[in-house]
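Welcome, and please take a moment with the sequence and the fold before reading on. The notes below walk through a sheet, a few of its strands and some charged pairs.

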Amino acid sequence: MSNEAFLKNIEINDREMRERKIRLDSKPLLLGLILTNWCNLNCIMCGKLRHSNSRTLSRQELAKIMELLPYLQSIEWQGGEFFQLEHVKEFFTGLQPFSQIKHHITTNGLLLDPDWIELFFRLKTELFFSIDAPTASVYERIRRGGRFETLIRKLELLVGREKRLGRTLRRTLGAVVMRSNYRCLAGFGDFAKEYGFQELVVSPVMQFEDEENIFLRADADVDKELAAARASLEEQFKGTPVALKWLLPARTGPVSTVDVPAAEGRKEAFFCPLPWKSLFVCVDHRGDIFPDCWCTTPVGNIGVDGFLDVWNNEKMQAYRRGVAEGGMSLCSARCRAGHSVDMKARLVSPLL
């Protein structure tokens, strides 16, 4: 497909969304994939879905993406960890003709190898490294089964390849804040600069109400420590290419990160573009297809459906109709509160 046709699809899609059309002539712009629920780690804050079995998107299921490739702006690749899957690596080698696609890959980085790094440089690739601690002792406590020295070796491999090519691969460092690591956040300043990260995203641990979740009740000492860490990081990144995205909630009382209530007035202001833009496959939900990973009602299943078959089916139209009419019965609590859509804003074309 020509670049002109790709741009035309974006134009049609934006117009259809502005008009709140329910059945679309345009094709999806965004695709998200949780490829496998296998992981090489057993992190203390991670759900059992990542360790209960080894459900993985098959070669045949992965091939169904081909019908979308000419239209896509962006693909989010997630796991578990999928770098050990040879059929996924083979699929990546065939993506160069679709040069308009930006690939966003989430990884712990421990399984990176020279072949994968070469593939990253052939495509438009952004990496999100989930790391959580800048020191060996805390890192290995949180990321059980991981070795800090292995992580450093992989990051040095990437930095070394950049120096040889004279090119920089955009990458973000992610830190999930919990009791085990909130005292060492300021150490991410030097770590991010040393290993070439352009952004540090600091977010709260979610979906767990155990002792690691420090956001469930007010604690003045924790708040003071977090405020000091933020100030330190802002000072360390001043005048550098590293941006700080601080996503921790303001804590004036108990905060639940399991079921986030909608903000006051959110219903009237709510508009989610994703049913007009996106499809997402979750192998940790038996291969179900959703508009996005936070959605609660599947519109199809990758085992039996093609992407374009579900794009305008009754369930997908129900999402669009609900959002267009201001209803949110199909939407998750986090989306109703505005926490999920904002995270996707950087991936979509101008909307309105």
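A salt bridge here is a side-chain nitrogen of Lys or Arg within 4 Å of a carboxyl oxygen of Asp or Glu. Lys102 and Glu126 form such a pair through their side chains, with N to O at 3.6 Å. Please keep in mind that this is a predicted model.

**The sheet as a whole**

- Ten strands make up an open sheet with mixed pairing, in the order S7-S6-S5-S4-S3-S2-S1-S8-S9-S10.
- The edges are strand S7 (243–246) and strand S10 (300–301), each of which pairs on one side only.
- As a reminder, strands of a sheet pair through backbone hydrogen bonds, either parallel or antiparallel.

- Strand S2 (residues 74–78) runs parallel to S3, and four bridges join the two.
- Within this pairing, Trp77 has Ile105 of S3 as its bridge partner.
- Where does His103 sit? His103 belongs to strand S3, which spans residues 102–107.
- Is His103 buried or exposed? His103 counts as buried because its relative accessibility is 1%, and the cut-off for buried is under 20%.
- Which residues does His103 touch, once neighbours within four places in sequence are set aside? The contacts of His103 are Ile75, Trp77, Leu95, Leu123, Lys124, Thr125 and Glu126.

**Strand S5 and its partners**

- Strand S5 (residues 170–177) is largely enclosed by the rest of the structure, because six of its eight residues are buried.
- Strand S4 (residues 124–130) pairs with S5 in the parallel sense, over five bridges.
- In S5, Arg171 is the residue that stands opposite Leu127.
- S5 also pairs in the parallel sense with strand S6 (residues 199–204), this time over six bridges.
- Here Val177 has Pro204 of S6 standing opposite.
- To get from S5 to S6 the chain passes through helix H7 (residues 188–194), in a β-α-β crossover that is right-handed.

**Salt bridges**

- How many salt bridges are there by this rule? The count comes to 20.
- Lys102 counts as partly exposed because its relative accessibility is 34%, whereas Glu126, at 17%, counts as buried.
- Glu126 is also one of the residues in contact with His103.
- Arg171 and Glu162 meet through their side chains in a salt bridge, with N to O at 2.6 Å.
- Both members of that pair, Arg171 and Glu162, are buried.
- Arg286 forms a salt bridge with Asp288, and their closest N and O atoms are 3.1 Å apart.
- Arg286 is exposed, with a relative accessible area of 60%, while Asp288 counts as buried at 9% relative accessibility.
- Glu16, Lys21 and Asp25 are linked in a network of salt bridges.

Technical notes
Residues are numbered from 1 along each chain as its sequence is written. This is a predicted model: local features need pLDDT of at least 70, side-chain atom pairs count only at pLDDT 80 or more; totals for chains, interfaces and linings use all residues. Side-chain values use heavy atoms; hydrogens and water are left out. Buried means under 20% relative accessible area, exposed over 50%, partly exposed in between (1.4 Å probe, protein chains only). Contact means heavy atoms within 4.5 Å. Two strands pair if DSSP finds at least two bridges between them. A crossover is right-handed if, with the strands pointing away from the viewer, the path from the first strand over the helix to the second runs clockwise.
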